[in-house]
Amino acid sequence: MLNGEQAAFGGLLRDFRLSASLTIEGLAEASGVSVRGIGDLERGRRAAPQRRTVAALADGLGLAEAARERLLTAARAGRSPGYSPVGVRSFPRGIDDFVGRTRELARLAQFAGQAAARHDSDARDDQDGTTGGYASDGSADHGSPAARGPAAQPVVVAVSGPPGTGKTTLALRAARELAEHFPDGQLVVDLRGMDNDPPEPAELLLGVLKALQVADRELAKAGPQGHPALYRQLLADRRCLLVLDNARDEAQVRPLLPGSGAGMVVVTSRRMLTGLESVHRLPLGELDTQEASAFLTALVGTERASADPAALADVARRCGHLPLALRVAGNWLATRTGWTVRRLADRLAVEERRLDALAAGDLRVAAAFDLSYRQLTPAAARLFRRLSLIPGPDAGAACAAQLTGQQLFDAEDALEELVETGLLGADRDRYRLHDLLRLFARARLEAEESVEDIAPARAALHRWLLETAIVAGRWFEPDHGAPAADWQGMVDLATADKARQWLQAEGVNWLAALRTAAAAGDHTTVVEVAEALHWFSDQWVFWGHWPEVFGTAVRSAQALGDALVEATQLNYHAWALLLCEGRPGDGLVRSAEALAAAERAGDLAQQAWAHSYAAWAHRLLGDAERSIDAISESARLFEAADDIHGTLQAMSGYGIALLDAGRTEEALAADLRTLAFLTENGDRLEPHIADIGRLNLHAGIGRAYTALGRGKEAVAHAQTAVDLCRANNNTALLSRCLVRLGEAFVSAGRTAEAKDAFADCVSVGLGADLEYVADARARLAGLDAH
């Protein structure tokens, strides 16, 4: 593999050494270059060294300027790209229809630039002799006797992701696009990590040496023990891009990572390869919506794609935007020209047959999943199958533990194994199956476990979800609060904030369990869950499902035949219709039904709540006087029932009714009296109810001051309301209070701060009141125009 230029350098070096009457050992001592390194150079076994090493040898030989330049010229000739064998370039069919991954390609280009910068830095160091290299035996080649810095290390990038995300395609595309950064070649090595018996590192390393055209004579002379050092030396001397594709694990990859040089290594694996050190990580997921549509369009043609874009979007969505599934679907359509895109979309709509439909010849999505599944430990495989029973898109570790009956730590270990193998996504403390992997897991569950095993697992999960929802929700209920001391739960509910976080994170899951309980006729549990979550609903107003929760509880209460329970749930449902969905007409009907049930039960508190919600409905319907009358009656009944929490709500509602009726001075006075009442009775009030009451009162007082043109006072109270929202993590009310704060700033003539408040409302995010967000956006546009 060595050419004439390398031999010429070695011969010249030997001539200079003999002329100086130096042995190899003597030159090594004088120059700091290793004995073996000098010997290999003279015999032509090693590529010509970098400039820093040549400078060190020239210094050791005591060469004059002309002789030094001759040695440097010979070294440059030996290092020229002409001597380097071209690396293996293997680009499979299909790479030309590559779509998307712009961000990932940009990052790989950035890493390639870092490798090039390291090479340039080494070149500069060659010129000034400030860094050392490595000898052919892997030991340090110190260059000149002056102090040396560390040699450059190659850039290593680990590309990981679930099966079918296109890791190999991305790596090969990058190899093509980044070729100019690596003039000594690109080597692509298939590690066959999914094989039952993947090749050992020694076998793979030998394959790379042969690809680099190392002569059999040299390989035999080095012997198996010498191959790693020869491998490191060759890659250290070359600017190569090495793609290690389809790695099984860290043990297979680690021996193949060169220790020095200005090259770059891209490792692809379904596993995250967490154990690899000093690597850049590039995780891959599914394509975004636009990329998925573009990929399908490239496969089926613009004419067919544009004929039914909705069908194309359905195909992409039912493929989970997974590149492998998209390719299968695209190939299917490309070979069946008589099919419309809609026909395939409808075929994929049947979940039970979707994976079977995603097969084209020997290309099968399910087969790609199965390769990873077969490598799981029994515990992880069992959990993977049962994760398909999770009704929502993701779950926490405690939720997963219920499916297998494991201890939490054991479940976490199994979850992390699934994450490591690319079969499960993780975001903070949440775990998510890709849609197609969920279908695959469900198929494995039905194939490997009996109905007698599956049904109890699902029932245990649902029971745990509802029991935990009750305990968490009671944090916000009067006379409840923290869980009982003897409560044994897998979830940390030590604080109200942790309870809120769990209820929100698992919302889709416990809602599904509630639906199942209702369908099964477990009405007592349904009502108990709704009752426990009543006050919590104020913390998460615009979740979108409270009308369903309390509507379901109404039907369960009616089935139980308890008038008081029915009145209570009817009132909760009226609240949800009024606040969550803005349906005052329906809310008024519901409050009337609640009043009738409460009167049958003889319960004053529920009668008072019914009047309170009727007042709210009348106010939204523009009937201010009937609203004031109803809220006044509500306050009277609450006082008679000695219900302090209800009394606070009625007093607060009275101020709102007066304000909406245009009786601003009376409204302000009423709100100030209510605020004093709250302060005086704070120790009797449940903290979260008191916080909501205080928040609403400051918002109402701020509105009143705004209407009266008293901007300074308006800003102070509106800001207090915003601060209380933030302290309680109440994004629903925060969006409303930010609009009120913006109005107060406008009233005070503080336009810049008003714009900030409206902009903050627009950026609140999930859980915000969308009506107020739209209002804030419009007000912001108006201020900008002004």
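Start with the whole protein chain selected: among contacts (heavy atoms within 4.5 Å) with a separation of 6 or more, 70% join residues 24 or more positions apart. The model is predicted, so local features need pLDDT of at least 70 and side-chain atom pairs count only at pLDDT 80 or more, while totals for chains, interfaces and linings use all residues. Residues are numbered from 1 along each chain as its sequence is written, and side-chain values use heavy atoms, with hydrogens and water left out.

Next, colour by secondary structure. The chain has 37 helices and 12 strands, both DSSP runs numbered from the N terminus (helices H or I, at least four residues; strands E, at least two).

Then colour by burial. Of the 786 residues, 53% are buried, meaning under 20% relative accessible area with a 1.4 Å probe, protein chains only.

Now select the charged side chains: 83 are positive and 105 negative, with the centres of the two sets 8 Å apart. Lys and Arg count as positive, Asp and Glu as negative; His and the chain ends are not counted. Each charge is placed at NZ of Lys, CZ of Arg, CG of Asp or CD of Glu.

Finally, select residues 664–680, helix α32, and pick Thr674 within the helix. Thr674 counts as buried because its relative accessibility is 1%. Beyond its neighbours within four places in sequence, Thr674 contacts Leu648, Met651, Ser652 and Leu697.

Conventions
Buried < 20%, exposed > 50% of the residue type's maximum accessible area, 1.4 Å probe, protein only.
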